[in-house]
Amino acid sequence: MKNNKVYPWILVGLLWFVALLNYLDRQMLSTMQSSMQLDIKELAIAENFGRVMGVFLLIYGLMSPVAGIIADRINRKWLIVGSLFVWSAVTYGLGYAQTFQQVYWLRALMGVSEALYLPTGLAMIADFHTSRTRSLAIGIHMSGLYTGQALGGFGATIAANYSWNTVFHWFGIVGIIYAVLLIFLLHDKEGHAGTTTAGLKADPQGTLIKKESVFRSFGIILGTVSFWVMLFYFMAPSFPGWATKNWLPTLFSENLGIEMAKAGPMATISIAIASFIGVLIGGPLSDRWVQKNIRGRIYTSTIGLALTIPSLVLLGFGHSYTGLIGAAMLFGIGFGMFDTNNMPILCQIIPQKYRATAYGIMNMMGVFAGYAVTLMLGSSTDAGSLGTDFSKLAIVVLAAVVLMLAFLKPRQDLTYPQEELKNKSEAI
(Lines give C-alpha, C1' and ligand atoms only; values in the text may rest on other atoms or scores of the structure.)
Protein backbone atom coordinates (compact mmCIF):
# COMPACT_ATOMS: atom_id res chain seq x y z
CA MET A 1 0.00 0.00 0.00
CA LYS A 2 2.82 2.44 0.84
CA ASN A 3 4.15 2.36 -2.74
CA ASN A 4 0.91 2.87 -4.68
CA LYS A 5 -0.37 6.15 -6.12
CA VAL A 6 -3.15 6.47 -3.56
CA TYR A 7 -0.99 6.27 -0.43
CA PRO A 8 0.26 9.90 -0.61
CA TRP A 9 -3.33 10.98 -0.04
CA ILE A 10 -3.95 8.24 2.55
CA LEU A 11 -0.93 9.65 4.37
CA VAL A 12 -2.47 13.13 4.36
CA GLY A 13 -5.64 11.66 5.88
CA LEU A 14 -3.75 9.75 8.57
CA LEU A 15 -1.65 12.77 9.54
CA TRP A 16 -4.69 15.08 9.38
CA PHE A 17 -6.04 13.43 12.51
CA VAL A 18 -2.62 13.62 14.20
CA ALA A 19 -2.54 17.34 13.39
CA LEU A 20 -6.02 17.72 14.85
CA LEU A 21 -4.96 16.13 18.13
CA ASN A 22 -1.75 18.16 18.11
CA TYR A 23 -3.65 21.44 18.30
CA LEU A 24 -6.69 20.18 20.17
CA ASP A 25 -4.66 19.00 23.14
CA ARG A 26 -2.71 22.26 23.39
CA GLN A 27 -5.69 24.54 22.69
CA MET A 28 -8.13 23.18 25.28
CA LEU A 29 -6.24 24.79 28.14
CA SER A 30 -6.76 28.30 26.74
CA THR A 31 -10.55 27.98 26.92
CA MET A 32 -10.78 26.13 30.24
CA GLN A 33 -9.05 28.74 32.38
CA SER A 34 -12.31 29.76 34.07
CA SER A 35 -13.12 26.14 35.00
CA MET A 36 -9.61 25.20 36.14
CA GLN A 37 -9.12 28.31 38.26
CA LEU A 38 -11.89 27.14 40.60
CA ASP A 39 -9.63 24.26 41.64
CA ILE A 40 -6.21 25.81 40.92
CA LYS A 41 -6.42 29.40 42.21
CA GLU A 42 -3.16 30.61 40.65
CA LEU A 43 -4.66 30.28 37.15
CA ALA A 44 -7.09 33.11 37.95
CA ILE A 45 -4.19 35.55 37.50
CA ALA A 46 -3.73 36.32 33.80
CA GLU A 47 0.04 36.67 34.18
CA ASN A 48 0.27 33.16 35.69
CA PHE A 49 -1.94 31.76 32.96
CA GLY A 50 0.36 33.43 30.44
CA ARG A 51 3.31 31.66 32.07
CA VAL A 52 1.64 28.27 31.64
CA MET A 53 0.86 28.99 27.99
CA GLY A 54 4.30 30.51 27.52
CA VAL A 55 6.38 27.62 28.88
CA PHE A 56 4.82 25.35 26.27
CA LEU A 57 5.90 27.73 23.53
CA LEU A 58 9.40 28.15 24.94
CA ILE A 59 10.08 24.41 25.16
CA TYR A 60 8.28 23.73 21.89
CA GLY A 61 10.45 26.31 20.16
CA LEU A 62 13.73 25.04 21.58
CA MET A 63 12.87 21.48 20.57
CA SER A 64 11.76 22.29 17.01
CA PRO A 65 15.23 22.34 15.38
CA VAL A 66 16.12 19.18 17.31
CA ALA A 67 12.97 17.57 15.93
CA GLY A 68 13.96 18.55 12.40
CA ILE A 69 17.47 17.15 12.81
CA ILE A 70 16.08 13.84 14.08
CA ALA A 71 13.39 13.68 11.36
CA ASP A 72 16.02 14.08 8.61
CA ARG A 73 17.98 11.14 10.02
CA ILE A 74 15.55 8.45 11.21
CA ASN A 75 12.35 6.71 10.12
CA ARG A 76 9.71 9.41 10.56
CA LYS A 77 6.90 6.92 11.23
CA TRP A 78 8.26 6.09 14.67
CA LEU A 79 8.93 9.71 15.52
CA ILE A 80 5.30 10.60 14.78
CA VAL A 81 3.88 7.59 16.64
CA GLY A 82 6.10 8.21 19.68
CA SER A 83 5.39 11.93 19.92
CA LEU A 84 1.61 11.41 19.59
CA PHE A 85 1.65 8.75 22.30
CA VAL A 86 3.62 10.93 24.74
CA TRP A 87 1.63 14.15 24.33
CA SER A 88 -1.64 12.19 24.58
CA ALA A 89 -0.40 10.60 27.82
CA VAL A 90 0.47 14.09 29.09
CA THR A 91 -3.02 15.31 28.15
CA TYR A 92 -4.49 12.43 30.13
CA GLY A 93 -2.22 13.28 33.05
CA LEU A 94 -3.36 16.93 33.07
CA GLY A 95 -6.74 15.64 34.19
CA TYR A 96 -5.12 14.64 37.49
CA ALA A 97 -3.27 17.93 38.07
CA GLN A 98 -4.04 19.55 41.41
CA THR A 99 -1.46 22.34 41.68
CA PHE A 100 -0.16 25.15 39.49
CA GLN A 101 3.29 23.55 39.39
CA GLN A 102 1.88 20.26 38.12
CA VAL A 103 0.05 22.03 35.30
CA TYR A 104 3.17 24.07 34.51
CA TRP A 105 5.55 21.11 34.19
CA LEU A 106 3.08 18.88 32.35
CA ARG A 107 2.60 21.72 29.89
CA ALA A 108 6.39 21.91 29.46
CA LEU A 109 6.56 18.16 28.76
CA MET A 110 3.80 18.54 26.20
CA GLY A 111 5.97 21.15 24.48
CA VAL A 112 8.78 18.60 24.09
CA SER A 113 6.58 15.86 22.63
CA GLU A 114 4.44 18.05 20.35
CA ALA A 115 7.50 19.77 18.88
CA LEU A 116 8.61 16.47 17.35
CA TYR A 117 5.56 16.26 15.10
CA LEU A 118 5.15 19.25 12.76
CA PRO A 119 8.57 19.38 11.01
CA THR A 120 8.41 15.60 10.69
CA GLY A 121 4.88 15.40 9.31
CA LEU A 122 5.30 18.26 6.84
CA ALA A 123 8.60 16.93 5.47
CA MET A 124 7.02 13.51 5.08
CA ILE A 125 4.07 14.89 3.10
CA ALA A 126 6.39 17.03 0.96
CA ASP A 127 8.38 13.90 0.03
CA PHE A 128 5.29 11.94 -1.00
CA HIS A 129 3.82 14.77 -3.13
CA THR A 130 5.24 16.48 -6.22
CA SER A 131 5.07 20.21 -6.91
CA ARG A 132 1.72 19.69 -8.67
CA THR A 133 -0.08 18.65 -5.48
CA ARG A 134 2.23 19.69 -2.63
CA SER A 135 0.51 22.90 -1.50
CA LEU A 136 -2.94 21.31 -1.57
CA ALA A 137 -1.74 18.23 0.33
CA ILE A 138 0.00 20.31 2.99
CA GLY A 139 -2.96 22.66 3.14
CA ILE A 140 -5.39 19.82 3.79
CA HIS A 141 -3.05 18.60 6.52
CA MET A 142 -2.87 22.07 8.05
CA SER A 143 -6.67 22.16 8.14
CA GLY A 144 -6.37 19.42 10.75
CA LEU A 145 -4.53 21.93 12.94
CA TYR A 146 -7.31 24.45 12.43
CA THR A 147 -9.96 21.86 13.24
CA GLY A 148 -8.12 20.93 16.41
CA GLN A 149 -7.94 24.59 17.33
CA ALA A 150 -11.68 24.94 16.77
CA LEU A 151 -12.61 21.85 18.74
CA GLY A 152 -10.35 23.03 21.52
CA GLY A 153 -12.74 25.94 21.90
CA PHE A 154 -15.37 23.46 23.08
CA GLY A 155 -13.18 22.56 26.06
CA ALA A 156 -14.93 25.20 28.15
CA THR A 157 -18.36 24.04 26.97
CA ILE A 158 -17.68 20.39 27.84
CA ALA A 159 -16.09 21.38 31.14
CA ALA A 160 -19.19 23.40 32.02
CA ASN A 161 -21.32 20.25 31.68
CA TYR A 162 -18.89 17.71 33.09
CA SER A 163 -15.48 18.78 34.44
CA TRP A 164 -12.18 20.00 33.05
CA ASN A 165 -10.57 16.79 34.35
CA THR A 166 -12.90 14.69 32.19
CA VAL A 167 -12.06 16.71 29.07
CA PHE A 168 -8.34 16.01 29.43
CA HIS A 169 -8.97 12.32 30.17
CA TRP A 170 -11.19 11.73 27.14
CA PHE A 171 -8.93 13.32 24.55
CA GLY A 172 -5.81 11.81 26.07
CA ILE A 173 -7.23 8.30 25.68
CA VAL A 174 -8.27 8.99 22.07
CA GLY A 175 -4.71 10.03 21.19
CA ILE A 176 -3.14 7.00 22.84
CA ILE A 177 -5.43 4.63 20.92
CA TYR A 178 -4.73 6.38 17.62
CA ALA A 179 -0.96 6.20 18.19
CA VAL A 180 -1.26 2.43 18.47
CA LEU A 181 -3.29 2.25 15.22
CA LEU A 182 -0.66 4.26 13.34
CA ILE A 183 1.94 1.58 14.07
CA PHE A 184 0.12 -0.56 11.50
CA LEU A 185 -1.11 2.15 9.08
CA LEU A 186 1.74 4.67 8.75
CA HIS A 187 4.75 4.19 6.44
CA ASP A 188 7.67 6.48 5.61
CA LYS A 189 8.83 7.28 2.08
CA GLU A 190 11.15 4.62 0.69
CA GLY A 191 14.67 6.00 0.45
CA HIS A 192 14.40 8.07 3.63
CA ALA A 193 16.58 7.15 6.61
CA GLY A 194 15.40 4.01 8.37
CA THR A 195 13.58 2.54 5.35
CA THR A 196 14.67 -0.55 3.42
CA THR A 197 16.00 1.47 0.45
CA ALA A 198 17.65 4.25 2.43
CA GLY A 199 21.08 3.35 1.08
CA LEU A 200 19.87 3.90 -2.48
CA LYS A 201 19.03 7.57 -2.05
CA ALA A 202 20.91 9.91 -4.37
CA ASP A 203 20.98 13.60 -5.15
CA PRO A 204 19.87 15.03 -8.56
CA GLN A 205 23.39 14.54 -9.97
CA GLY A 206 23.23 10.82 -9.17
CA THR A 207 25.71 10.87 -6.29
CA LEU A 208 24.79 8.71 -3.32
CA ILE A 209 23.79 10.87 -0.37
CA LYS A 210 26.00 10.43 2.67
CA LYS A 211 25.04 11.27 6.19
CA GLU A 212 26.32 14.69 7.10
CA SER A 213 27.16 16.22 10.42
CA VAL A 214 24.62 18.42 12.13
CA PHE A 215 26.98 21.39 11.85
CA ARG A 216 27.30 20.99 8.08
CA SER A 217 23.51 20.76 7.74
CA PHE A 218 23.07 23.98 9.70
CA GLY A 219 25.87 25.59 7.70
CA ILE A 220 24.15 24.87 4.38
CA ILE A 221 20.76 26.04 5.63
CA LEU A 222 21.99 29.21 7.33
CA GLY A 223 24.31 29.95 4.43
CA THR A 224 21.31 30.28 2.09
CA VAL A 225 20.35 33.97 1.89
CA SER A 226 16.77 33.23 0.82
CA PHE A 227 16.32 31.12 3.96
CA TRP A 228 16.88 34.20 6.14
CA VAL A 229 14.19 36.05 4.21
CA MET A 230 11.87 33.06 4.61
CA LEU A 231 12.72 32.88 8.30
CA PHE A 232 11.55 36.44 8.97
CA TYR A 233 8.53 35.96 6.72
CA PHE A 234 7.51 32.89 8.72
CA MET A 235 8.25 34.46 12.10
CA ALA A 236 6.43 37.79 11.67
CA PRO A 237 2.90 36.35 11.18
CA SER A 238 3.53 34.07 14.16
CA PHE A 239 2.93 37.05 16.43
CA PRO A 240 -0.74 37.42 15.41
CA GLY A 241 -1.02 33.70 14.63
CA TRP A 242 -0.24 32.64 18.18
CA ALA A 243 -2.14 35.63 19.57
CA THR A 244 -5.34 34.34 17.95
CA LYS A 245 -4.69 30.81 19.23
CA ASN A 246 -4.09 31.81 22.85
CA TRP A 247 -5.95 35.09 23.37
CA LEU A 248 -8.72 35.44 20.78
CA PRO A 249 -11.32 33.71 23.00
CA THR A 250 -10.44 36.20 25.76
CA LEU A 251 -10.68 39.11 23.31
CA PHE A 252 -14.11 37.95 22.15
CA SER A 253 -15.25 37.54 25.75
CA GLU A 254 -14.08 41.02 26.75
CA ASN A 255 -15.17 42.96 23.65
CA LEU A 256 -18.59 41.30 23.42
CA GLY A 257 -19.19 40.96 27.16
CA ILE A 258 -20.01 37.24 27.00
CA GLU A 259 -18.86 34.26 29.03
CA MET A 260 -15.90 32.15 27.91
CA ALA A 261 -18.08 29.06 27.30
CA LYS A 262 -19.63 30.98 24.37
CA ALA A 263 -16.65 33.10 23.35
CA GLY A 264 -14.27 30.14 23.07
CA PRO A 265 -16.14 28.16 20.37
CA MET A 266 -17.20 31.35 18.58
CA ALA A 267 -13.61 32.57 18.22
CA THR A 268 -11.92 29.28 17.40
CA ILE A 269 -14.59 28.00 14.99
CA SER A 270 -14.59 31.27 13.04
CA ILE A 271 -10.83 31.08 12.53
CA ALA A 272 -10.87 27.35 11.74
CA ILE A 273 -13.62 27.48 9.10
CA ALA A 274 -12.06 30.48 7.44
CA SER A 275 -8.58 28.94 7.50
CA PHE A 276 -9.91 25.84 5.78
CA ILE A 277 -11.42 28.08 3.10
CA GLY A 278 -8.03 29.75 2.77
CA VAL A 279 -6.40 26.35 2.29
CA LEU A 280 -8.89 25.43 -0.45
CA ILE A 281 -8.10 28.71 -2.20
CA GLY A 282 -4.36 28.93 -1.58
CA GLY A 283 -3.42 25.29 -2.16
CA PRO A 284 -4.75 24.70 -5.70
CA LEU A 285 -3.99 28.30 -6.74
CA SER A 286 -0.37 27.95 -5.67
CA ASP A 287 0.07 24.51 -7.28
CA ARG A 288 -1.22 25.85 -10.60
CA TRP A 289 0.50 29.25 -10.49
CA VAL A 290 3.93 27.76 -9.77
CA GLN A 291 3.70 25.65 -12.94
CA LYS A 292 3.60 28.90 -14.96
CA ASN A 293 5.64 31.23 -12.74
CA ILE A 294 8.37 30.16 -10.34
CA ARG A 295 7.22 32.86 -7.87
CA GLY A 296 3.63 31.65 -7.95
CA ARG A 297 3.72 30.21 -4.44
CA ILE A 298 5.22 33.45 -3.10
CA TYR A 299 2.50 35.56 -4.73
CA THR A 300 -0.26 33.30 -3.41
CA SER A 301 1.17 33.35 0.10
CA THR A 302 1.69 37.12 0.27
CA ILE A 303 -1.81 37.82 -1.05
CA GLY A 304 -3.17 35.74 1.80
CA LEU A 305 -0.96 37.34 4.42
CA ALA A 306 -1.94 40.82 3.23
CA LEU A 307 -5.56 39.97 4.07
CA THR A 308 -4.64 39.56 7.73
CA ILE A 309 -3.50 43.18 8.05
CA PRO A 310 -6.95 44.88 8.04
CA SER A 311 -8.41 41.95 9.98
CA LEU A 312 -6.04 42.53 12.91
CA VAL A 313 -7.14 46.15 13.15
CA LEU A 314 -10.80 45.10 13.06
CA LEU A 315 -10.20 42.43 15.71
CA GLY A 316 -8.54 44.93 18.01
CA PHE A 317 -11.26 47.58 17.84
CA GLY A 318 -14.40 45.59 17.01
CA HIS A 319 -17.20 45.41 19.60
CA SER A 320 -19.99 43.76 17.62
CA TYR A 321 -20.65 40.15 16.72
CA THR A 322 -20.61 40.94 13.00
CA GLY A 323 -17.40 42.94 13.18
CA LEU A 324 -15.41 40.45 15.25
CA ILE A 325 -16.60 37.31 13.47
CA GLY A 326 -16.06 38.98 10.09
CA ALA A 327 -12.54 40.02 11.09
CA ALA A 328 -11.76 36.52 12.37
CA MET A 329 -12.99 35.02 9.10
CA LEU A 330 -10.85 37.40 7.04
CA PHE A 331 -7.82 36.59 9.19
CA GLY A 332 -8.43 32.85 8.86
CA ILE A 333 -8.72 32.94 5.05
CA GLY A 334 -5.53 34.94 4.72
CA PHE A 335 -3.60 32.86 7.23
CA GLY A 336 -4.74 29.64 5.57
CA MET A 337 -3.37 30.83 2.20
CA PHE A 338 -0.10 31.71 3.93
CA ASP A 339 0.15 28.56 6.03
CA THR A 340 -0.43 26.10 3.20
CA ASN A 341 2.54 27.46 1.23
CA ASN A 342 5.35 27.68 3.79
CA MET A 343 6.78 24.19 3.31
CA PRO A 344 6.26 24.27 -0.49
CA ILE A 345 8.17 27.57 -0.68
CA LEU A 346 10.87 26.08 1.54
CA CYS A 347 11.13 23.23 -0.99
CA GLN A 348 12.15 25.87 -3.57
CA ILE A 349 15.10 27.18 -1.55
CA ILE A 350 16.36 24.24 0.59
CA PRO A 351 17.48 20.77 -0.67
CA GLN A 352 15.26 17.84 0.22
CA LYS A 353 17.50 16.22 2.82
CA TYR A 354 17.61 19.39 4.98
CA ARG A 355 13.94 20.39 4.90
CA ALA A 356 12.79 19.03 8.25
CA THR A 357 15.78 20.69 9.93
CA ALA A 358 15.11 23.97 8.10
CA TYR A 359 11.42 23.90 9.00
CA GLY A 360 12.39 23.11 12.59
CA ILE A 361 14.48 26.29 12.72
CA MET A 362 11.60 28.29 11.26
CA ASN A 363 9.16 26.73 13.68
CA MET A 364 11.47 27.58 16.59
CA MET A 365 11.59 31.27 15.66
CA GLY A 366 7.86 31.34 14.99
CA VAL A 367 7.13 29.81 18.37
CA PHE A 368 9.52 32.18 20.14
CA ALA A 369 7.52 35.00 18.57
CA GLY A 370 4.41 33.31 19.92
CA TYR A 371 6.00 33.01 23.36
CA ALA A 372 6.78 36.72 23.40
CA VAL A 373 3.32 37.78 22.23
CA THR A 374 1.59 35.40 24.68
CA LEU A 375 3.37 37.01 27.62
CA MET A 376 2.84 40.51 26.22
CA LEU A 377 -0.88 40.03 25.72
CA GLY A 378 -1.18 38.51 29.18
CA SER A 379 0.08 41.81 30.60
CA SER A 380 -2.16 43.69 28.14
CA THR A 381 -5.19 41.79 29.42
CA ASP A 382 -4.42 42.75 33.01
CA ALA A 383 -3.92 46.37 31.89
CA GLY A 384 -7.13 46.46 29.85
CA SER A 385 -5.40 47.13 26.49
CA LEU A 386 -5.71 43.72 24.81
CA GLY A 387 -7.58 45.02 21.75
CA THR A 388 -5.22 47.92 21.08
CA ASP A 389 -2.09 45.77 21.32
CA PHE A 390 -3.75 43.14 19.10
CA SER A 391 -4.19 45.65 16.30
CA LYS A 392 -0.54 46.79 16.44
CA LEU A 393 0.58 43.36 15.23
CA ALA A 394 -0.51 44.38 11.71
CA ILE A 395 2.65 46.48 11.36
CA VAL A 396 4.93 43.45 11.68
CA VAL A 397 2.91 41.52 9.10
CA LEU A 398 3.15 44.37 6.59
CA ALA A 399 6.95 44.40 6.94
CA ALA A 400 7.07 40.65 6.26
CA VAL A 401 5.01 40.94 3.05
CA VAL A 402 7.24 43.71 1.67
CA LEU A 403 10.45 41.83 2.51
CA MET A 404 9.22 38.58 0.94
CA LEU A 405 8.19 40.17 -2.35
CA ALA A 406 11.38 42.19 -2.64
CA PHE A 407 14.11 39.72 -1.69
CA LEU A 408 13.18 36.02 -1.78
CA LYS A 409 14.70 34.17 -4.75
CA PRO A 410 13.06 30.75 -5.33
CA ARG A 411 14.52 27.95 -7.46
CA GLN A 412 13.01 24.99 -9.25
CA ASP A 413 12.15 22.17 -6.85
CA LEU A 414 14.97 19.59 -6.86
CA THR A 415 12.88 16.73 -5.46
CA TYR A 416 12.98 13.62 -7.67
CA PRO A 417 10.54 10.70 -7.67
CA GLN A 418 11.86 7.74 -5.68
CA GLU A 419 12.01 5.52 -8.74
CA GLU A 420 14.29 7.99 -10.51
CA LEU A 421 16.58 8.21 -7.50
CA LYS A 422 16.79 4.45 -7.39
CA ASN A 423 17.64 4.20 -11.07
CA LYS A 424 20.33 6.84 -10.74
CA SER A 425 21.93 5.08 -7.78
CA GLU A 426 21.89 1.72 -9.57
CA ALA A 427 23.66 3.26 -12.53
CA ILE A 428 26.60 4.40 -10.39
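# Questions on burial, contacts and cavities

Student: Which residues does Ala126 touch, not counting residues up to four places away in sequence?

Tutor: This is a predicted model, in which local features need pLDDT of at least 70, side-chain atom pairs count only at pLDDT 80 or more, and totals for chains, interfaces and linings use all residues. With a contact taken as heavy atoms within 4.5 Å, and with residues up to four places away in sequence not counted, Ala126 touches Arg134, Met343 and Cys347.

Student: Is Ala126 buried or exposed?

Tutor: Ala126 lies in helix H6, residues 118–128, where helices (H or I, at least four residues) and strands (E, at least two) are DSSP runs numbered from the N terminus. Of the 11 residues of H6, 11 are buried, so H6 is largely enclosed by the rest of the structure. The term buried means under 20% relative accessible area, with exposed over 50% and partly exposed in between, for a 1.4 Å probe and protein chains only. At 0% relative accessibility, Ala126 therefore counts as buried.

Student: Which side chain makes a polar contact of 2.8 Å with the side chain of Arg76?

Tutor: Arg76 has its place in helix H4, residues 76–94, and is buried, with a relative accessible area of 1%. Its touching residues, with those up to four places away in sequence not counted, include Thr120, Ala123, Met124 and Asp127, which are themselves among the buried residues of H6. A polar contact is a pair of N or O atoms within 3.5 Å; within protein, one must be able to donate a hydrogen and the other to accept it, and residues adjacent in sequence count only if both atoms are side-chain atoms. The side chain joined to that of Arg76 by such a contact, at 2.8 Å, is that of Asp188.

Student: How far does the backbone oxygen of Gly241 lie from a polar atom of the side chain of Thr244?

Tutor: Thr244 is found in helix H12 and is buried, with a relative accessible area of 3%. Leaving aside residues up to four places away in sequence, Thr244 touches Gln149, Pro249, Phe331 and Phe390. Between a polar atom of the side chain of Thr244 and the backbone oxygen of Gly241, the distance is 2.7 Å.

Student: Are the rings of Phe331 and Phe335 stacked or edge-to-face?

Tutor: Rings of Phe, Tyr and Trp (its six-membered ring) pair if their centres lie within 6.5 Å, with planes under 30 degrees apart counted as stacked, over 60 as edge-to-face and the rest as tilted; by this rule the count comes to 13 aromatic pairs. The rings of Phe331 and Phe335 have their centres 5.5 Å apart and their planes at 15°, so the pair is stacked.

Student: Which residues form a cluster linked by ring pairs?

Tutor: Phe331 and Phe335 both lie in helix H15, 4 residues apart, about one turn of the helix. Phe331 is buried at 2% relative accessible area, and Phe335 is buried at 10%. The cluster linked by ring pairs consists of Tyr233, Phe331, Phe335 and Phe338.

Student: Which lining residues are the closest to the centre of the largest cavity?

Tutor: On a 1 Å grid over the protein atoms alone, a cavity is a set of points where a 1.4 Å probe fits but cannot get out, and lining residues have an atom within 4 Å of a point. The structure holds 1 cavity of 30 Å³ or more, and about 290 Å³ of space lies in the largest cavity, a volume being the space filled by probe spheres set on the points, which are joined across faces, edges and corners. Of the 26 residues that line the largest cavity, the closest to its centre are Tyr23, Trp242, Lys245, Phe335 and Asp339.

How values were computed:
Residues are numbered from 1 along each chain as its sequence is written. Side-chain values use heavy atoms; hydrogens and water are left out. On a 1 Å grid over the protein atoms alone, a cavity is a set of points where a 1.4 Å probe fits but cannot get out, and a pocket is an open set with protein on both sides within 12 Å along at least five of seven lines; lining residues have an atom within 4 Å of a point.
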